Amino acid sequence: MSLTLKPQMRVRAKISSVGAYVPPRLLTNADLEKMVATNDQWITERTGIRERHIVDAGVATSDLAVEAAKRCLATRGIDASEIEVIIVATVTPDMFFPATACLVQDKLGIKGAWGFDLSAACSGFPYALQVGAKLVESGMHKKVLVIGADVMSSIIDYTDRATCVIFGDGAGAVLLEPCEEGEIGLVDYWHEIDGSGASALNMPGGGSLHPPTAETVAAKMHYVHQDGQAVYKFAVRKMAEAAEVVLSRNGVEGKDLGCFIPHQANKRIILSTAERLGMPEESVIINIDRFGNTTAATIPMAMQTALEEGRLKKGDLVLLASVGAGFTVGATLLRWEF
């Protein structure tokens, strides 16, 4: 028997298209004032959020993901049938199994693709982006669809003012393809997890540790639980640290960046990181005021915002950074190629 191995050529991966989607229904700070003991000034000053989008009953994460994917593919001008891999970053899958990626594949009518879900909370998109990039860089795949999507309203207790003011629903998708001659695409990344922070931000019920029972439901264990102060302190420190690591080892300074696209968790965290990096505020993409924290969707949604505002241009060096439940931490350096 003679085994013939397929030769592999190392290639670079790039983002070649972006698409985003939010459900039409708005939940404003004024609406929340009627639901829980809070007010618009407090929410805006503490978080930077003024409104967020919320799904109607019966709309699931896969529905948002499909809409974002359709916009991404339309921008690129290709048919869904060309997609080879689908990676969905989410902490609010339609169900435990099958994977939301399977549901997205079926709704898009893609034949022959494979895929899976990735759970890293607010760092889900940059983590999924790197997994997808490695599949392209391996030479095995030429079109990988990476989606960040969450219906956070499905796991939020709207009597808990510590969490209900923060989160919204949305989805963002990017297409990863091989770079063409002269293009650089994704340059480098730095990721880290710190499980000692698991108790600071989690949804304790529903898994194998605390399966669903009448008691877990009564104890509100199927909602997001957060120690806001612990999360804030960690995020301020680690988002900047992750960004500094990936910039310094590539000889890049904040002033060299065309755009900083951070996870949209809190405006104060974002601006603190930008200041530490020596970046002017006009180079920082912030849309948290309109969308809140959409977890895995925030970074691709912010990419779409940057494109719409003309603040993301071909050839720009771009930095992505995130901190999420887990704790998860990530930063990515790339060059924008379209």
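**View 1. Histidine 263 is buried, with a relative accessible area of 1%.** Buried means under 20% relative accessible area, against over 50% for exposed and in between for partly exposed, with a 1.4 Å probe and protein chains only. The model is predicted: local features need pLDDT of at least 70, side-chain atom pairs count only at pLDDT 80 or more, and totals for chains, interfaces and linings use all residues. Residues are numbered from 1 along each chain as its sequence is written, and side-chain values use heavy atoms, with hydrogens and water left out.

**View 2. The loop between β11 (259-262) and α9 (267-277) holds histidine 263.** Helices (H or I, at least four residues) and strands (E, at least two) are DSSP runs, numbered from the N terminus. The side chains of histidine 263 and threonine 298 are joined by a polar contact of 2.7 Å. Such a contact is a pair of N or O atoms within 3.5 Å; within protein, one must be able to donate a hydrogen and the other to accept it, and residues adjacent in sequence count only if both atoms are side-chain atoms.

**View 3. Five strands form an open sheet in the order β1-β7-β6-β4-β5, with mixed pairing.** Strands pair if DSSP finds at least two bridges between them. β1 (13-21) and β5 (114-118) are the edge strands; each has a single partner strand, so one side of each lacks a neighbour in the sheet.

**View 4. Strands β4 (residues 85-89) and β5 run parallel and are joined by five bridges.** Isoleucine 86 has glycine 115 in β5 as its bridge partner.
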